[in-house]
Amino acid sequence: LGAGAVGVGAGAGEASERAREFGATEEERNAATRRGALIGSTEALPLGRVFGPIASRLTGELGEEAVQTIGGRIQRALRTGGEEAAQEAAAKILQNLNERGYNAEQAILEGSGEAAALGGGAGAAIQLLVDTFAGRRAR
C-alpha cells in the first residue's frame with residue numbers, strides 16, 4: 001500500500017512537471033497528471049508474479065536453501081533486478097506516451113534504457129544486501 005501511494009504521487013508529479021516544463025495548458029497538465037498517477041501505481045504491481053514463471057524456467061525454482069548459497073543469492077538478485085528494470089522501463093515508456101498527448105515530438109523510448117539500468121542495478125543490489133544480511137541474522 002505504501003509503495004502504491006508513493007508511486008502514485010511520484011508518477012503524478014513527474015507527469016505534471018513534464019507538462020509544465022513543456023508549456024502545456026492547464027487542462028493538458030491536469031489530464032497528464034491523472035494519467036501519470038495511474039502510471040505511478042505500477043510501482044506496486046507484483047511483477048514477480050508476472051515474470052516469475054518466465055524467470056523460473058530460465059533460472060530454475062529457487063527454494064529457501066538455495067538463497068543461502070552465493071549462487072542462489074546472485075540468481076535472486078538478478079531476478080529482482082530484471083523485474084525492477086522491466087517495471088522502470090515500462091513506467092518511463094508510459095510517461096513518454098503520456099507526454100505525447102501534448103508534445104507530439106516526444107520519443108516513446110527516450111530514457112527507458114537508462115531507467116531500466118538504474119532500476120535494475122538498484123533492485124539487484126538491494127536484493128543482494130537483504131539476502132546477505134538476512135542470512136547472517138538467521139545463523
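**Exercise 1.** Work out whether Phe22 is buried, partly exposed or exposed.

*Solution.* Start with the cut-offs: buried means under 20% relative accessible area, exposed over 50%, and partly exposed in between (1.4 Å probe, protein chains only). Phe22 comes out at 42% relative accessibility, so it counts as partly exposed. Now try Tyr102: with a relative accessible area of 10%, Tyr102 is buried.

A quick word on the source: this is a predicted model, where local features need pLDDT of at least 70 and side-chain atom pairs count only at pLDDT 80 or more, while totals for chains, interfaces and linings use all residues. Residues are numbered from 1 along each chain as its sequence is written, and side-chain values use heavy atoms, leaving out hydrogens and water.

**Exercise 2.** Find the aromatic pair and say how its rings are arranged.

*Solution.* The structure holds 1 aromatic pair. Its rings belong to Phe22 and Tyr102, with centres 5.6 Å apart and planes at 50 degrees, so the pair is tilted. (Rings of Phe, Tyr and Trp, using its six-membered ring, pair if their centres lie within 6.5 Å; planes under 30 degrees apart are stacked, over 60 edge-to-face, the rest tilted.)

**Exercise 3.** Which residues does Ser16 touch, leaving aside those up to four places away in sequence?

*Solution.* Contact means heavy atoms within 4.5 Å. By that rule, Ser16 touches Arg29 and Thr33, not counting residues up to four places away in sequence. As for burial, Ser16 has a relative accessible area of 13%, so it is buried.
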